[in-house]
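Please keep the sequence and the 3D view open while reading.

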Amino acid sequence: MTTGIRDRNNIKITGEGERTIVFAHGFGCDQTMWRYVAPQFERDYRVVMFDYVGSGRSDHSAYREDRYGSISGYAQDVLEIAEVLKLRDAIFVGHSVSGMIGAFASIEKPELFSRLIMIGSSPRYLNDLPDYFGGFDESDIRGLLGMMEMNFMGWANYLAPIVLNNPNRGDLSNELEQSFSSSEPKIARQFAEATFFLDFREQLGRVTVPSLILQCAEDSIAPKEVGDYLHAHLNNSTLGPMQAKGHYPHLSHPEETTRLIRAYLAS
Amino acid sequence: MDELLNGAPCGYLCLNGAGEIREMNRTMLRALGFEREELIGRHIETILTAANRIFYHTYFYPMLQLNGQVNEIYLGLKTKDGQEIPMLMSAARAERDGETVIDGFLLPMKQRIDHERDMLVAAKKLEELNRAKDEAHEALVRLHAELEEKQEKLVAVNHALEAQAYTDGLTGAWNRRHFETSLAASFATYERAGVPFSLLLLDIDFFKKVNDTYGHPIGDEVLRRLAKLLREQSRDNDIVARYGGEEFVVILANADRDAAVQAAERYRLAAERTDMGDLRITISVGAATAGWGDTAPTLIARADQALYRSKTDGRNRVTFAQDNVG
């Protein structure tokens, strides 16, 4: 079954080093998002990247509604990948919801990761006023789900992009679009629901491993209040404010992102 | 901005790498109700609702970064007075003036959006209906399988009941009722097609003594073993039935006098030589062959008389009916 997991989650391993660093993509994307940052670690680490089932070039036929309807199913992917690769004391870098997925896996098996690095993560996107500001209310999330429905073809296309060196290679991308079954929009929608209706606040206290919270300036998906909340509730956490704005510093500001991660790992 | 672009019948905007609005044509500004200076330099989030903001950040931005373009995505833009206009946008990354920019062209799609929404609703309904139909079908298939299974069980139970009705509980041989039915059938065949048949009445010698000496359980066992023996020694077409307490009857199909006597002797010898537990028994046999004018009672009576003769002549022997014409 080990070959099964490697193929199922489209695991890519590069670099060499004694320690392993795992990059986990977030909602709405796949491992290609690490394209600028991950290679920076190949000289010193064994670099592992993967796609969650239902995203990217993973085996979409392995998708099960009852499993992946909640974050625990995605955390299970991480646990299964860790087992197949025999990970121990590795470093986990998670973007967006993957920050929480990594935390979930770490709570389950603390020996897997020695450090958790979260980029633009949030334990809960919905506001819980007056005490908790997540940034969104329920009508916003419903609005998002509606938008996804209207855009589903494009969304499904995105969930398994081909890295186009020449963006005008329209023919390749058409091929991929045709290969999608109509279940793809469902997967995307369920991942969205699992992500945006998540409430991981109570679990934060159970994380025992040290963590780095990379907080972008003006990230409307994971605003500053959320970063502060994470820092306050994750034991042994370090808050890393970034100059990068937006939600994808590893795409928009790969140098700053790499630098901050390196500095943290060295300390 | 080029006047053609500025006044073109579609919206045009240009974002810098950070998502801030670098340019917007007049058509677009008018559609949104803003003046140029109100939007230039502001982040595009300014004119996006929360849901659209999430979409922008989780889909639009990374797609553009990784693939260089997005095609035909639906985005809702906010006007100055808070209305949301659904728009269809295609955008591509470009290098201009030494920096990375994003050019986007937008068309309002109010009517199309409504149309697509209706189609989506209809598609969902259809999916639901199909699912319900499939479920109903599966239920039917299951019911059908259950029905077949029940029918099979019914037939089996029927057979069992039938067998029970015609079997002697103790010995497993046919019972008297079955014997009578079989006898009638044998007569019918004889009358119709002239197929001869014979009747044997077999009685265990001194059976009362066996019960008195060894007890009824042993007696029952003797009856069972004798029935088994008789069946083993019989052909498929013969009917071996329990006629009374210690009496058995055999209808020998397709048997004339000689065959009957041979068969009877075979039974007698086998009974004499076979262990019936810790004891041995002997049987007396009376044989008769169906003749012209015979009826069930007359045939049985003749076999019975022959049996009586066997008993009085000393038991453990075969007697053929004397007044037999065949």
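Helices are DSSP runs of H or I with at least four residues, strands are runs of E with at least two, and both are numbered from the N terminus. The axes of α5(A) and α8 (residues 184-196) of chain A lie 10 Å apart, at an angle of about 165°. Axes are lines fitted to C-alpha atoms, for helices over the stretch in contact, and angles between N-to-C directions run from 0 to 180 degrees. α5(A) and α8(A) are therefore roughly antiparallel. That word covers angles over 145 degrees; under 35 counts as roughly parallel, 65 to 115 as roughly perpendicular, and the rest as oblique.

From α5(A), the contact uses A:I141, A:L144, A:L145, A:M148 and A:E149; from α8(A), A:P185, A:A188, A:R189, A:A192, A:E193 and A:F196. Contact means that C-beta atoms, placed from the backbone, lie within 7 Å. By class there are 8 nonpolar, no polar and 3 charged residues. Ala, Val, Leu, Ile, Met, Phe, Trp, Tyr, Cys and Pro count as nonpolar, Asp, Glu, Lys and Arg as charged, and the others, Gly among them, as polar.

## Model and confidence

This is a predicted model: local features need pLDDT of at least 70, side-chain atom pairs count only at pLDDT 80 or more, and totals for chains, interfaces and linings use all residues. Residues are numbered from 1 along each chain as its sequence is written, while chains are lettered from A and ligands numbered from 1 in the order in which they are written.

The model scores ipTM 0.70 and pTM 0.63. pLDDT is the predictor's confidence in each residue, from 0 to 100. Chain A averages 86, with 87% of the residues at 70 or above. Chain B averages 92, with 99% scoring at least 70. Residues 154-183 of chain A stay under 50, and the model has 40 contacts for them beyond four places in sequence. Where pLDDT is low, the predicted coordinates should not be read in detail.

## The sheet

Chain A holds an open sheet of 7 strands with mixed pairing, in the order β1-β3-β2-β4-β5-β6-β7. Strands pair if DSSP finds at least two bridges between them. β1 (12-14) and β7 (237-245) of chain A are the edges; each has a single partner strand, so one side of each lacks a neighbour in the sheet. The twist averages 20° from one strand to the next.

In chain A, β2 (residues 20-24) and β3 (residues 46-50) run parallel, joined by 5 bridges. A:F23 stands opposite A:M49 in β3(A). Helix α4 (residues 97-108) of chain A packs on the sheet and touches β2, β4 (90-95) and β5 (113-119) of chain A.

## Where the chains meet

Each side of the contact is counted separately: 27 residues come from chain A and 27 residues from chain B. On the side of chain A, α5(A) gives the most, with 6 residues. That side has 15 nonpolar, 9 polar and 3 charged residues.

α5 (residues 138-150) of chain A and α4 (residues 50-67) of chain B have axes that come within 7 Å and cross at roughly 55°. α5(A) and α4(B) are therefore oblique. Their crossing is right-handed.

Terms used:
Contact = placed C-beta atoms within 7 Å. Left-handed = near helix turned anticlockwise from the far one by under 90°.
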